[in-house]
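This report describes a structure for a reader who is new to it. The sequence and the model are displayed first, and the description follows.

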Amino acid sequence: MSNEMLRAKGLHKSYKMGRSVVRVLRGVSLSAKRGEFLAVMGASGSGKSTLLHLLGALDLPNRGTVEYENRDLFGLPRSARRAYCNRDVGFVFQFYHLLPELNALENVLIARLITHSAGSWMGARRQSRADAGELLERVGLKDRARHRPSELSGGERQRVAIARALVNRPALLLADEPTGNLDAKIGGEIMGLLTELNEAGQTIIMVTHDAQVASRAHRRLQLSDGVMSEGGTDRR
Amino acid sequence: MYKWFLAWRYLHTKLIAFFGVASVMLCVAMVLVVMSVMGGFLDTVRERSRGMLSDVVLEAGSMQGFPYYEEFETYVAKHMSDIVAVTTPTIVNYGLIRVPDTSQTKPAQIVGVRLNEYCTINDFKGGLHYEEYFPGTTTLAKQPIAVAGLDPNTEKLSLPPELEAANRKWQESVGDPEEIEKYESLPYATSAFPKTAAPYYYDRVFAADIGEPKYEGPEHMGLIVGSDVLWDRDKQGGFKRYLARGTRLALTVLPLTPSGTLTGEPPVRIPLRYADDSRTGIFEIDSMCVYVDFDMLQQKLAMDAQEKIDGGFTKPRAKQLLIGLKEGVDLDEGWARVQAGWLNFLATLGPNVDDGDMTRLGFVDVYTWEDLQRPLIAAIEKEKVLVTILFGLISLVAIVLLGCIFYMIVEKKTKDIGILKSLGASGRGVAGLFVVYAAAIGVVGAALGTLLGSAFVWNINTIQDKLAQLNPALKVWSPDVYSFDKIPEVVKQQDAMWIAIVAVIASMVGSLIPAFLAARVWPVKALRYE
Ligand SMILES: Nc1ncnc2c1ncn2[C@@H]1O[C@H](COP(=O)(O)OP(=O)(O)O)[C@@H](O)[C@H]1O
Ligand SMILES: [Mg+2]
């Protein structure tokens, strides 16, 4: 088994804006190893989110490939790509994106629920609730499980989002500016949590425009003008 | 699984679900009320129109009637006793009814019946008025007038012993002291004509005289009048009876020859005594029909056996032969058997049947009661269908409305849909979520609507009375228009079930387009911004 988990090659993505075409990615390549904590840096609007969405198979590139465990994601049938979204990666967004009608525990559970039919859920229910509870405890929200997102602070919401991303035990965690909306102190705590997870073996790809935040990663890449360049290696 | 879970959550956390539920509920309640009331109306008419006839009816094609009905009765008793319980002939004719005391004259449809047989074959007895309070005393046979005795000291009235005994029988069968008290408190009126404006309700009217109760006057055959022939109704739907029981009435009829020409004799005037009044609940019948003894009417109309110039006798004739089927015999099957039996019977008659009789027999048809009441029932059936369609159309508006509500929900939930999709939910799954949500709204709305509609129908008379108290113009149901005392209050489970099912399906249909839009939401677009 190769040590390489994810490899993107020659990704192109452009958006049509009326008559003009914005070419956001112009041949981006990168690879991530198992257990690695990778940071992609770039200015706002440089295409970091676009790239991360492609890696998470939430969007399709104009050109290029993303291989996960040596399988080309965009060559897979749609149902297999959905399984990838659900099981192999966990996505953490800058704006948390929790479901407002559900409480913290249910927001974590929903990622589990999606793959279950009513029948199979009966069997998986207790284990799933236990797992979700454990994850909330791990992100430090044990006593907030019954709270709705509107009753939680930004940092707490992001913790719930991280717990949700992890509930299906994905091999890869994708984080899109996870601290972008938080103040320095809370952002630091979230980064601490991600570092901890990484130390426990979780592979993480994170994008950020903040060099301070990126410094927690093993390896940093720089995205600018639609292409990738090496931005430094592990300082540790 | 998440579909059910989220649909459930949306259902009780989103205000907009309330609007969806409310609109389904109101539509279901509305259609249920309309169908129940119209259906109840229809059933009442059917039931009551059946009450006048029998299961199967042999009817002559013209007023002169048809011969050999007695022979057919014998034939039926002999060959068809497995399905036929009773048979009885009737004559239907037209004439004038006159009240000599008031010089009032009115047209009437005269029905000649054998009262005992007639009462076993249908519900006629249940609609008789005096028969209820004085069971066993209504007869079409010869009778004098009963005069109540008035004690000049106590001002108390007493009826002849037979009537008092009959009334006691009624009191025993009722058992309810309140009901009896109500009866006791009602006044006797000795003679209430010319019509007085007295405010009370003439429920029972007897002639009265100082002295002992007695029977008086020459005996005449009895006459039962349709309840709306002579009486007006008060606002509560009660009848303003103003003639004492036993009052003299007169019928005038025109006898016809078997071939349908006038006999040349002057019109026949028949003196009768008012024995009772009959209420079938069908205004068309109660405002026209009067009932007399079959054999007497047959004779007066010269429809009995008449001596012929060339010797021999004509055959007695009847207008209808009512045939009551045994319990459990299917109506259509019974009809087919009677029809076949009738043809068989005709074949046995042989060659000595008079030519004219043969023609009249050829015009006899076998009907079920439903066939005969078709014009009356069909009109109401059509009305029911029409009103249901109208309200169905209104419900169509509700479906569109639901579609709009779901569209708004999908719009507002675009981000959630993006989240679900980013977590691996399929387009079909998300669409399913909204259909399940719609179904949930449909189910809750239909359940509440069924409750609301049923409650409304069950209390519709109370509601209408309350409304009428507020403003008399709101009294839509008036017994003197609709011949029923009350608006029907029955909800049929089957109707309710179908309406509920259609409502649930309709809500799901209303959600299809928005669900389709939801399925097409592209996750990254939905998630790009906060
Ligand atoms: N769906 C879209 N339609 C049009 N333009 C888009 C769309 N998504 C992103 N863009 C454009 O692509 C560029 C990169 O966006 P994004 O990947 O969000 O950058 P970043 O996350 O680095 O701030 C921006 O200029 C943005 O306006
Ligand atoms: Mg971004």
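In which sense do strand 8 of chain B and strand 12 of chain B pair, and over how many bridges? Strand 8 of chain B and strand 12 (residues 268-278) of chain B pair in the parallel sense, over six bridges.

## Basis of the description

The structure is a predicted model, in which local features need pLDDT of at least 70 and side-chain atom pairs count only at pLDDT 80 or more, while totals for chains, interfaces and linings use all residues. Residues are numbered from 1 along each chain as its sequence is written, chains are lettered from A and ligands numbered from 1 in the order in which they are written, and side-chain values use heavy atoms, with hydrogens and water left out.

Helices (H or I, at least four residues) and strands (E, at least two) are DSSP runs, numbered from the N terminus. Two strands pair if DSSP finds at least two bridges between them.

## Strand 8 of chain B and its partners

Strand 8 of chain B (residues 214-226) also pairs with strand 5 (residues 143-150) of chain B, the two running antiparallel and being joined by four bridges. Within this pairing, B:Gln143 has B:His220 as its bridge partner.

Strand 13 (residues 289-293) of chain B pairs with strand 8 of chain B in the antiparallel sense over two bridges. Here B:Val225 stands opposite B:Val290.

## The six-stranded sheet of chain A

In chain A, six strands form an open sheet with mixed pairing, in the order 6-7-8-3-9-10. Strand 6 (89-92) and strand 10 (227-230) of chain A stand at the edges with a single partner strand each, so one side of each has no neighbour in the sheet. Neighbouring strands of the sheet are turned by 20 degrees against each other on average, direction ignored; axes are lines fitted to C-alpha atoms, for helices over the stretch in contact, and angles run from 0 to 180 degrees between N-to-C directions. Strand 9 (residues 219-224) of chain A pairs with strand 10 of chain A in the antiparallel sense over four bridges, and A:Leu221 has A:Glu230 of strand 10 as its bridge partner.

Helix 1 of chain A packs on this sheet, touching strands 3, 6, 7, 8, 9 and 10 of chain A, where contact means heavy atoms within 4.5 Å. The direction of helix 1 makes about 155 degrees with that of strand 7 (172-176) of chain A. Helix 2 (residues 78-88) of chain A lies across strand 6 and strand 7 of chain A, at about 70 degrees to strand 6.

## The four-stranded sheet of chain A

Four strands of chain A form an open antiparallel sheet in the order 2-1-4-5. Its edge strands are strand 2 (20-33) and strand 5 (71-72) of chain A, each pairing on one side only. Strand 1 of chain A is joined to strand 4 (residues 63-68) of chain A by five bridges, and the two run antiparallel. A:Ala8 stands opposite A:Val66 of strand 4.

## The site of ligand 1

Residues from chains A and B surround ligand 1, so the site is shared between chains. The surrounding residues, near the ligand in that a heavy atom lies within 4 Å of it, include A:Tyr15, A:Lys48 and B:Arg528.

Polar contacts are pairs of N or O atoms within 3.5 Å; within protein, one must be able to donate a hydrogen and the other to accept it, and residues adjacent in sequence count only if both atoms are side-chain atoms. Oxygen atoms of ligand 1 lie 3.0 Å from a polar backbone atom of A:Gly47, 2.9 Å from a backbone N or O atom of A:Lys48 and 2.7 Å from a polar side-chain atom of A:Ser49. Helix 1 of chain A gives the most to the shell around ligand 1, with three residues.
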